[in-house]
Amino acid sequence: GDAAGISGVVTTVDMDVQVCRSLMQLREREVMLSACVPGGTYYRDFTLQNHGEVPLSFAIVMSPTMLEAVASRVLRLTEVEQTAEDEGEGGEGFLKTGIVPRRQRARIRVTFCPVSVGDMVFEAKFVNRNNPDNVDSVRILAVVSDEGNQEGLEVFVKPWRAPGLATDDLDQVQALRGRDAVLDFGNCFTGVGQRKILLIRNTTQRRLNVLLSSDAEVDVRFS
């Protein structure tokens, strides 16, 4: 008999692909400065990585609070080191020139010299001038009190976001201090779970055993 013919429909889909030889990444996106006191000096480092095959040209865009802190010399960004992955390439002065040679990483130091107490959040955005869509940011969270933390344990809370979703809720990152500290979940509804992220930091040189518990074990879970 005759073979049955099968007719098909061919659909063409246009694909828009952007290829750029320049790729920038921050290895650390959050810097914690806890247990600080006015008059002290505190240091933390983070890394800017150039994964591209061409020199990285970048710009730093600071939040208003960070601009004010830098202007008053409460906060400073300085160069620590730059390790060449390709032998023979230099790259000193990258914060001044805004240039990181190809396939190299630049180590940046945050120096914090607080003059007043309080919780402070600063943000710096790094923009790849070769690829404007390539933007990364680092947040600097500082907690300054009149006295050093006696217990050696500090707790912070920030909003929960599903993996892959960024958040710019800088003002919602808070420190929980003392026995009267309140973890506020806002308006809640029956059958709808609410989540928060707790950041626990050990500020001592010894190991601390931390137990999370609640007097409402049915309604509150830690994971």
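Is Arg109 buried, partly exposed or exposed? With a relative accessible area of 29%, Arg109 is partly exposed, where buried means under 20% relative accessible area, exposed over 50% and partly exposed in between (1.4 Å probe, protein chains only).

The structure is a predicted model, in which local features need pLDDT of at least 70, side-chain atom pairs count only at pLDDT 80 or more, and totals for chains, interfaces and linings use all residues. Residues are numbered from 1 along each chain as its sequence is written, and side-chain values use heavy atoms, with hydrogens and water left out. For the protein chain, the mean pLDDT (the predictor's confidence in each residue, from 0 to 100) is 79, and 73% of the residues reach 70 or more. The pLDDT is below 50 over residues 85-91, a stretch with 15 contacts in the model beyond near neighbours in sequence, contact meaning heavy atoms within 4.5 Å.

An open sheet of mixed pairing is formed by five strands in the order E2-E9-E8-E4-E6, two strands being paired if DSSP finds at least two bridges between them. E2 and E6 are at the edges with a single partner strand each, so one side of each is left without a neighbour in the sheet. H1 packs on the sheet and touches E4, E8 and E9. The direction of H1 makes about 100 degrees with that of E8, with axes taken as lines fitted to C-alpha atoms, for helices over the stretch in contact, and angles running from 0 to 180 degrees between N-to-C directions. E4 and strand E8 (residues 118-128) run antiparallel and are joined by five bridges; Ala59 has Val127 as its bridge partner in E8. E2 and strand E9 (residues 135-144) run parallel, also with five bridges, and Val31 is partnered by Ile140 in E9. Strand E2 (residues 30-36) is largely enclosed by the rest of the structure, because five of its seven residues are buried.

Beyond four places in sequence, the contacts of Phe46 include Val31, Arg107, Val110 and Phe126.

Six salt bridges are counted, each a side-chain nitrogen of Lys or Arg within 4 Å of a carboxyl oxygen of Asp or Glu. One of them joins Arg107 and Glu28, with the closest N and O atoms 3.5 Å apart. Arg107 lies in strand E7 (residues 104-112) and Glu28 in the loop between strand E1 (24-26) and E2, so the pair ties together parts 79 residues apart in sequence. In the salt bridge of Asp45 with Arg109, the closest N and O atoms are 2.8 Å apart. Asp45 in strand E3 (residues 42-50) and Arg109 in strand E7 are 64 residues apart. Asp45 counts as partly exposed at 24% relative accessibility.

How values were computed
Helix = DSSP H or I, 4+ residues; strand = E, 2+ residues; numbered from the N terminus.
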